[in-house]
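This briefing goes through the packing and local geometry of one protein chain. Please keep the sequence and the model open while reading.

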Amino acid sequence: MIDWNAIDTVLLDMDGTLLDLRFDNWFWQQHVPEQYAQVHGLPADQAERKLHDWISRHQGTLNWYCLDFWTSELGLNIAELKRAAAERVAIRPGAEAFLDALAASSRRVVMVTNAHRDALQVKLERTGIERYFDALVSSHDYGHAKEHQPFWRNLREAHPFDPARTLLVDDSLPVLHSGRRFGLGHLVSIRRPDSSLPERDDTRPFEAIDDFLRVLP
């Protein structure tokens, strides 16, 4: 699946790729609506519908990933809610062995995440995976989400790489399509970003990993 001899740089997403997306799905689909309903005195179903519609309108934009934005919009301290629930954050099976093998290779390894820096910090404190990376990049550093081309141009300027010899592993199909438009030569998705849900049955046109241990460099 991965031609390691053709790869010099590895770009890795965090949520849903290295970390189980189960935490984030629970947090935004259940925990935040519950907290919003409690704070604003709303029935749970009404709060859930309101937040679903609200959040969906910003999907794919930087606001969708911005904890400061949602803290302001919802009247909740989203960063503190994440920190209080951090024990639910989990590394996906095989991900640490994959990271360890990459760290032992000569390849440059960069985390590229849409996560806000506050959310990133919470997850790094919980998992310690920062030790495997040459650089940690949040799309908020550049003012553009990974779904948009300016992110990749800014990334390449800050951390030079040859797109043709770069691997991107990401659970988001829109992000992978964006990477392909930029010219990234190797693109791989994740079959089961959320361990509580079934495997996705369509990640086309991208290959998808179901076990990191089967694709070690």
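The model is predicted, so local features need pLDDT of at least 70 and side-chain atom pairs count only at pLDDT 80 or more, while totals for chains, interfaces and linings use all residues. Residues are numbered from 1 along each chain as its sequence is written, and side-chain values use heavy atoms, with hydrogens and water left out.

**Annotated span**

- An unreviewed UniProt entry carries the annotation "domain: FCP1 homology" for residues 3-216; UniProt positions are given in the numbering used here, feature names are shortened, and annotations may be inferred rather than shown by experiment.
- Residues 3-216 are 43% helix and 12% strand, and the end C-alpha atoms of this span lie 11 Å apart. Helices (H or I, at least four residues) and strands (E, at least two) are DSSP runs, numbered from the N terminus.

**Nonpolar cores**

- A nonpolar core is a set of buried Ala, Val, Leu, Ile, Met, Phe, Trp, Tyr and Cys residues joined through side-chain atoms within 4.5 Å. Buried means under 20% relative accessible area, exposed over 50%, and partly exposed in between (1.4 Å probe, protein chains only).
- The largest core has 50 residues, and Leu12, Leu74, Ile78, Ile129 and Phe133 have the most contacts inside it. Helix α1 (residues 22-40) gives the most to this core, with seven residues.
- Another core, of 17 residues, lies apart from it and includes Ala135, Phe182, Leu184 and Phe206.
- Phenylalanine 133 is in contact (heavy atoms within 4.5 Å) with Leu12, Leu18, Leu99, Val109, Val110 and Met111, leaving aside neighbours within four places in sequence.
- In soluble globular proteins, nonpolar side chains tend to be buried together.

**Aromatic residues**

- Rings of Phe, Tyr and Trp (its six-membered ring) pair if their centres lie within 6.5 Å; planes under 30 degrees apart count as stacked, over 60 as edge-to-face and the rest as tilted. The count by this rule is 14 aromatic pairs.
- One aromatic cluster is formed by Phe23, Trp26, Phe27, Trp28, Tyr36, Trp54, Phe69 and Trp70.

- Ala119, Leu120, Val122, Lys123, Leu124 and Thr127 are buried in helix α7 (residues 117-127).
- These buried residues pack against α1, α4 (67-74), α5 (78-84), β2 (108-113) and β3 (135-138).
- Glutamate 130 lies in the loop between α7 and β3. At 34% relative accessibility it counts as partly exposed. Apart from neighbours within four places in sequence, glutamate 130 is in contact with Leu124 and Leu136.

- Threonine 166 is in strand β4 (residues 166-169) and is buried, with a relative accessible area of 0%.
- The side chain of threonine 166 reaches the backbone oxygen of aspartate 162 at 2.7 Å. Not counting residues up to four places away in sequence, threonine 166 touches Thr9, Leu11, Phe161, Leu184, Gly185 and His186.
- Serine 172 sits in the loop between β4 and α9 and counts as buried at 18% relative accessibility. A polar atom of its side chain lies 3.2 Å from the backbone nitrogen of valine 175.
- Proline 174 is in helix α9 (residues 173-182) and is partly exposed, with a relative accessible area of 48%.

- The peptide bond from arginine 204 to proline 205 is cis, with omega near 5°. Proline 205 is in the loop between β5 (186-190) and β6 (207-209).
- Glutamate 207 is in strand β6 and is partly exposed, with a relative accessible area of 46%.
- Glutamate 207 and methionine 1 are 206 residues apart along the chain, with their C-alpha atoms separated by 7.1 Å. Leaving aside neighbours within four places in sequence, glutamate 207 is in contact with Met1, Leu187, Val188 and Ser189.

Technical notes
A polar contact is a pair of N or O atoms within 3.5 Å; within protein, one must be able to donate a hydrogen and the other to accept it, and residues adjacent in sequence count only if both atoms are side-chain atoms.
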